[in-house]
Amino acid sequence: MQDFAAIDFETANNERTSVCSVGVVVVRQGEITDRIYRLIRPEPDYYLYWNTRVHGLTAADTADAPVFPTVWAEIAPKVEGLPLVAHNSAFDEGCLKAVFQLYRMDYPDYKFHCTYKAARRQLGQVLTKLRLPVVAAYCGYELEQHHHALSDAEACAWIARELL
């Protein structure tokens, strides 16, 4: 796959609508052409201890952040016509669909590809774990800030270039 956008969401709580950050890495002709990272005011706007423990974001970080429709208005033109790629795409696609529904936005029926599933098919006999940092390292990318949305999206982009 030469043209795609890798995407990663972090959430504030257990609700898929509670996206609090997004990372997007746009790849064209096999090269990274754009990196986007934005904080988002989540809905519902509260943070669970466990979520903060994973990604480090708190209500103070997103108190003045824009809501999802404002952030997506910036991202949408950059990913238009591109398939979206995520590691465990069911989560990220679920988040995207949930916030589109919450804000009554027309969902453009994005096509998603999953690097986790690709890794399971192609590397399941080689790697004992298929977590993002493990697969990324196998593909030549050292993920230093796991659960930072932009870092995770970039790691996913590296994997996608190798496996998809």
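How many of the 10 residues of strand S2 (residues 19–28) are buried?

1. The model discussed here is predicted. In this model, nine of the 10 residues of strand S2 are buried, and the strand is accordingly described as mostly covered. A residue is called buried when its relative accessible area is under 20%.

2. Strand S2 has paired strands to consider. With S1, S2 pairs in the antiparallel sense, over eight bridges. Within this pairing, Ala-6 stands opposite Val-25 of S2. The student may wish to locate these two residues in the view.

3. S2 is also joined to strand S3 (residues 31–39) by eight bridges, and these two strands run antiparallel.

4. S2 and S3 form a hairpin with two residues between the strands. In this hairpin, Gln-29 takes a positive phi near 50 degrees.

5. A further point concerns His-55, which is found in helix H1 (residues 49–55). Is this residue buried or exposed? The relative accessible area of His-55 is 14%, so the residue is buried, the cut-off being under 20%.

6. The surroundings of His-55 may be described in two parts. A polar atom of the His-55 side chain lies 3.0 Å from the backbone nitrogen of Leu-57. When neighbours within four places in sequence are left aside, His-55 is in contact with Glu-10, Thr-11, Cys-20, Tyr-47 and His-147.

7. The last topic is empty space inside the model. Rolling a probe the size of a water molecule over the atoms shows where such space is left. A search of the whole structure finds one cavity of 30 Å³ or more. The largest cavity holds about 30 Å³ of space.

8. Which residues line the largest cavity? The lining consists of Ile-7, Asp-8, Ala-86, His-87, Leu-132, Asp-152, Ala-153 and Cys-156. The elements that give two or more residues to this lining are strand S1 (4–11) and helix H7 (149–163). Helix H7 gives the most, with three residues.

9. By residue type, the lining of the largest cavity divides into five nonpolar, one polar and two charged residues.

Conventions. Residues are numbered from 1 along each chain as its sequence is written. This is a predicted model: local features need pLDDT of at least 70, side-chain atom pairs count only at pLDDT 80 or more; totals for chains, interfaces and linings use all residues. Side-chain values use heavy atoms; hydrogens and water are left out. On a 1 Å grid over the protein atoms alone, a cavity is a set of points where a 1.4 Å probe fits but cannot get out, and a pocket is an open set with protein on both sides within 12 Å along at least five of seven lines; lining residues have an atom within 4 Å of a point. Grid points are joined across faces, edges and corners, and a volume is the space filled by probe spheres set on the points. Helices (H or I, at least four residues) and strands (E, at least two) are DSSP runs, numbered from the N terminus. Ala, Val, Leu, Ile, Met, Phe, Trp, Tyr, Cys and Pro count as nonpolar, Asp, Glu, Lys and Arg as charged, and the others, Gly among them, as polar. Buried means under 20% relative accessible area, exposed over 50%, partly exposed in between (1.4 Å probe, protein chains only). A polar contact is a pair of N or O atoms within 3.5 Å; within protein, one must be able to donate a hydrogen and the other to accept it, and residues adjacent in sequence count only if both atoms are side-chain atoms. Contact means heavy atoms within 4.5 Å. Two strands pair if DSSP finds at least two bridges between them.
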